[in-house]
Amino acid sequence: MGVALTALRIVGMGLTVLPAELCTSLPSLTLLSLGGNQLMSLPENIVELTKLTDLLLPKNNLICLPDRIGLMCSLTRIELSSNKLESLPITFALQKLLKVECECNSLRLLPENLNHLVSCTVVNVNQNKLIRLPKSLGRMPSLTSLSCAKNNISYIPQELSECRTMKVL
């Protein structure tokens, strides 16, 4: 049986690997904060943290996220700013997610199924390498704010202008 720890913060410690054992031994974890480390990847079994609501990973060296991240159905907050992410997995459609923070990465494209982020109100993808925005952004039912400055965007879909909930673009 795992420890009943609900929050774990390992910030600015130079951590290079998140041990897979951590994910199986802390089943009650709701907050995992690992900002300011040197993580390049996450263990595939991080999806076993089924109670996790907050996953904070800013200022690491993450290149990609686990393909099965979409199974983390309790996530309401994910912070991925200042990493080296080149893409987000197609499974990134987390229905309870309220905010997507992915600024200062190397994202070139966003998944086409972002409209499945039904609770998400804010998407921040400033300072990436985006060349276009997906049509699905305009179909996100709760989106109120989209920030995409300092990219290489040459295509903005008409669907964004039809987004009834959008207040800040």
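The following dialogue works through one predicted model, by question and answer.

Biologist: What is the mean pLDDT of the chain?

Modeller: The model is predicted, and pLDDT is the predictor's confidence in each residue. In this chain, 98% of the residues reach 70 or more. The mean pLDDT of the chain is 93.

Biologist: Which element of the chain has the highest mean pLDDT?

Modeller: Among the elements, the lowest mean pLDDT, 92, belongs to helix α1, residues 20-25. The highest mean value is 98, and the element that has it is strand β2, residues 31-33.

Biologist: In what order do the seven strands of the open sheet lie?

Modeller: The strands of this open sheet pair in parallel. Its edge strands, each pairing on one side only, are β1 (7-9) and β7 (145-147). Neighbouring strands are turned by 5° against each other on average, direction ignored. The order of the strands is β1-β2-β3-β4-β5-β6-β7.

Biologist: Which residue in β6 is the bridge partner of Glu101?

Modeller: Strand β5 covers residues 99-101, and strand β6 covers residues 122-124. These two strands run parallel and are joined by three bridges. In β6, the bridge partner of Glu101 is Asn124.

Biologist: Is Asp54 buried or exposed?

Modeller: Asp54 is part of strand β3, residues 54-56. Its relative accessible area is 16%. Because buried means under 20%, this value places Asp54 among the residues that count as buried.

Biologist: With which side chain does the side chain of Asp54 make a polar contact?

Modeller: Leaving out residues up to four places away in sequence, Asp54 touches Thr30, Leu31, Leu32, Leu75, Thr76 and Arg77. The polar contact between side chains has a distance of 2.9 Å. The partner of Asp54 in that contact is Arg77.

Biologist: How many residues does the largest nonpolar core have?

Modeller: In soluble globular proteins, nonpolar side chains tend to be buried together. In this model, the residues with the most contacts inside the largest nonpolar core are Leu32, Ile46, Leu80, Phe92 and Leu137. The number of residues in that core is 47.

Biologist: Which residues are in contact with Leu137, leaving aside its neighbours within four places in sequence?

Modeller: Leu137 is one of the residues with the most contacts inside the largest nonpolar core. Beyond its sequence neighbours within four places, Leu137 is in contact with Leu110, Leu114, Val123, Leu143, Leu146 and Leu160.

Biologist: What distance separates the C-alpha atoms of Gly35 and Arg9?

Modeller: Gly35 lies in the loop between β2 and β3, and it is buried, with a relative accessible area of 7%. Residues touching Gly35 from beyond four places in sequence include Ile10, Val11 and Gly12. Gly35 and Arg9 are 26 residues apart along the chain, and their C-alpha atoms are separated by 8.4 Å.

Biologist: How far does the backbone oxygen of Ile10 lie from a polar atom of the side chain of Asn37?

Modeller: Asn37 is located in the loop between β2 and β3. With 1% relative accessibility, Asn37 counts as buried. The backbone oxygen of Gly35 lies 3.3 Å from a polar atom of the Asn37 side chain. For the backbone oxygen of Ile10, the corresponding distance is 2.7 Å.

Biologist: How far apart in space are Lys51 and Asn61, C-alpha to C-alpha?

Modeller: Lys51 has its place in the loop between β2 and β3 and is partly exposed, with a relative accessible area of 47%. Not counting residues up to four places away in sequence, Lys51 touches Pro27, Ser28, Leu29, Thr30 and Ser74. Lys51 and Asn61 are 10 residues apart in sequence, while their C-alpha separation in space is 25 Å.

Biologist: Is Lys150 buried or exposed?

Modeller: Lys150 lies in the segment after β7. Its phi is positive, about 60°, although Lys150 is not a glycine. The relative accessible area of Lys150 is 65%, so this residue, being over 50%, is exposed.

Biologist: What value is phi of Gln127 near?

Modeller: Gln127 is found in the loop between β6 and β7. Its relative accessible area is 36%, and Gln127 is partly exposed. Phi of Gln127 is positive in a residue other than glycine, and its value is near 55°.

Terms used:
Residues numbered from 1 in each chain as written. Predicted model: local features only at pLDDT ≥ 70, side-chain atom pairs only at ≥ 80, totals over all residues. Heavy atoms only, no water. Pairing = 2+ DSSP bridges. Helix = DSSP H or I, 4+ residues; strand = E, 2+ residues; numbered from the N terminus. Axes fitted to C-alpha atoms, helices over the stretch in contact; angles between N-to-C directions. Buried < 20%, exposed > 50% of the residue type's maximum accessible area, 1.4 Å probe, protein only. Polar contact = N/O pair within 3.5 Å; in protein donor to acceptor, adjacent residues only side chain to side chain. Contact = heavy atoms within 4.5 Å. Core = buried A, V, L, I, M, F, W, Y, C linked by side-chain atoms within 4.5 Å. pLDDT = per-residue confidence, 0-100.
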